[in-house]
Amino acid sequence: MTFLNPKINLKKYWKKKIDTLIWQKKPNKIIEKKNNRLIWFPDGKLNVYENCIANRLNEKKPCIIFVDQNNKILKLTAKEIDYKVNYLSNKIIKLLGKNFRNKKIIIHSSASLLSTISILACCKLGIHFSVVFEDLEEKAILNRINLFKPSLIISRQIKKNFFIKFKKIKLIKRMKFLFLNEINFNIKTKIIIPSYKNNSDRNLFTLFTSGSTGQPKGIVHSSGGYLMYSKFTTHKQFGVNKKTIFLTASDAGWINGHTYSLFGPLTLGATTIILESPMLLLRKEILMSIIKLKVSIIYLPVTLIRLMKSIYVNFKINTKDLKTLGSMGEPLAPSVAKWYSNFFSLGKKSIINTYFQTETGGIVSSPNFKETVKNSPHGSVGKPVSKFINFNNLNSKKPIEINIKDTWPGIMKGVINGQNFFKNYFNKQGNFRLFDLATKYKNNIYIHGRVDDVINIRGHRIGSAELEAIVLKNKNIKECSAISIKDELEGGSFVLFIVGKEKKINEYGVKKSIFSSFGSFALPKKIFYIENLPKTRSGKILRRVLRDIYENPKKNNLKDLSTILDKSVIEKIKFKILNAR
Ligand code: PRX
């Protein structure tokens, strides 16, 4: 397996980048094979907090800026953050006792000042943490607790409310709880907790994937390899430096909320803006406050960009500070990319349409900040981020499964649900599977949706992304999702869910654009006009949920709904489908 036997050149490439991180013991080795997996910088020792905050204590400028839902803006220097982190770290040590470094912590919070301080305290202490979405139901949290086995849960909620909602969690033996709102973070503590020395391979965090595949999986990332890759991709793709003011609108419980809200920009000495919720950007006054902060890079989920497109009509932003735009999480249809670019007056520059997964730790392919739409057109995810991210042979016509031939430092360490899960990630050739369909045209890569979202009609394979991009070109359509379904006559077919007012949408126009792009065989079996799509908190469309509802609208027990943002959406869609039958 070439993956497990990396080429010398690959090792040399990453060896040259060793000095981009601060090491407590500089590694001599780049990669070591152990128990059928690769360990990055195996003899290196470092502390992630030291790389992010502790080396910036003399800076005068803000390191992190928080914007809350009341449009209150809080600017914190590294020194101010350090006080809070020391204070919290001390509390954690007291709660966990002597053996604290070998215990694990769940951080139960959305993006907030306090969740960030909690993450940073875990990094300082070298404690393996996992951020879980605040809105999860008790069953879903219990599921994650059983897999992750934490000794402490840190929550932003009020103790009384937490225990009313989570009765079973309260009863877990030996579980400790820490309620952040009971701590007075304004005390300028004299306590100084050291940034502990950690092996490069030490577990940094586990993140449960967004659930768009149906089964939550706990993806584990290391300290050294992951941090190296976060810093490398943030610098290379976005051009982040010490002067950058970077807004990543992502929930803390998502890989973007780790790699590009925190670790990437912080290790590069930049200022990162964290929003209490990405949805705040739908409020003009908050959007304008962020522009006033002289933000230089804006990086948003595609689903949010689509909503902004439907809200911000006849209004444009033009600021000399904003240099780069990025998108995440979903395919970025060219029509949406064009609007995004025009709205922020970015001219011909490419959108950094970032393609990656929780499993890859950071971006594997995207345009970079220097490119223009001429060489990296809207809709593409550009080129691989390094010459050592080699994809399999993609072609320009037929979307095929994309995978990666060689290893990279940001790759997950493993999956906590077991070794088999990890093995499933490799195909027969030993390449790392990404489970998406892709094509390559003029050196740029295009993602066509998940392998299981492919729409197969009379032998023609069309990715859901491709269809959705065509539909989104129609005016008055805010969002849409194409779902493949079984069809006895055709073998396969699809239905279309459109967000927008039926009366205002020219259905003939929608069908005509599908017809002229693909042919009559690709016309949808049915179109449903709905108020909202089922989405995760991080803004990903739950296509499998739509398929489940369509196939069985009377069924009550849909598969894992733990990550869904708004459950009421489901009942409304069921009602539409049943009414149409
Ligand atoms: O299907 C791809 C889609 O999101 C999946 C990864 O989801 P998650 O692990 O939650 O990580 C999100 C990190 C951005 C991918 O397998 N996806 C992600 N980015 C893109 C994308 N699909 C199309 N274009 C993208 N830029």
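Biologist: What makes the pair Tyr299 and Thr354 a polar contact?

Modeller: The side chains of Tyr299 and Thr354 come to 2.8 Å, and a polar contact is a pair of N or O atoms within 3.5 Å, where within protein one must be able to donate a hydrogen and the other to accept it, and residues adjacent in sequence count only if both atoms are side-chain atoms. The side chains of Tyr299 and Asn256 are joined by a polar contact as well, at 3.1 Å. The model is predicted, so local features need pLDDT of at least 70 and side-chain atom pairs count only at pLDDT 80 or more, while totals for chains, interfaces and linings use all residues. Residues are numbered from 1 along each chain as its sequence is written, and side-chain values use heavy atoms, with hydrogens and water left out.

Biologist: Why is Tyr299 called buried?

Modeller: Tyr299 has a relative accessible area of 0%, and buried means under 20%, exposed over 50% and partly exposed in between, with a 1.4 Å probe and protein chains only; therefore Tyr299 is buried. Tyr299 lies in strand β15 (residues 297-301), a strand being a DSSP run of E with at least two residues and a helix a run of H or I with at least four, numbered from the N terminus.

Biologist: How do you know that β20 and β22 pair?

Modeller: Two strands pair if DSSP finds at least two bridges between them, and β20 and β22 (residues 432-441) have 4, in the antiparallel sense. Ile404 stands opposite Phe432 in β22.

Biologist: What makes β20 and β23 the edges of the sheet?

Modeller: The open sheet has 3 strands in the order β20-β22-β23, with antiparallel pairing. β20 (400-404) and β23 (444-450) each have a single partner strand, so one side of each is left without a neighbour in the sheet.

Biologist: Which residues come nearest to the ligand?

Modeller: Asn353, Thr358, Asp436, Arg450 and Lys540 come nearest, of the 19 residues around the ligand; a residue is near a molecule or strand if one of its heavy atoms lies within 4 Å of it. A polar side-chain atom of Arg450 lies 2.6 Å from an oxygen atom of the ligand, and for Gln357 the distance to a ligand oxygen atom is 2.9 Å.

Biologist: How much of the ligand does the protein bury?

Modeller: The ligand taken alone exposes 540 Å², and the protein buries 95% of that; accessible areas come from the Shrake-Rupley method with a 1.4 Å probe, and for residues only the protein chains shown count as cover.
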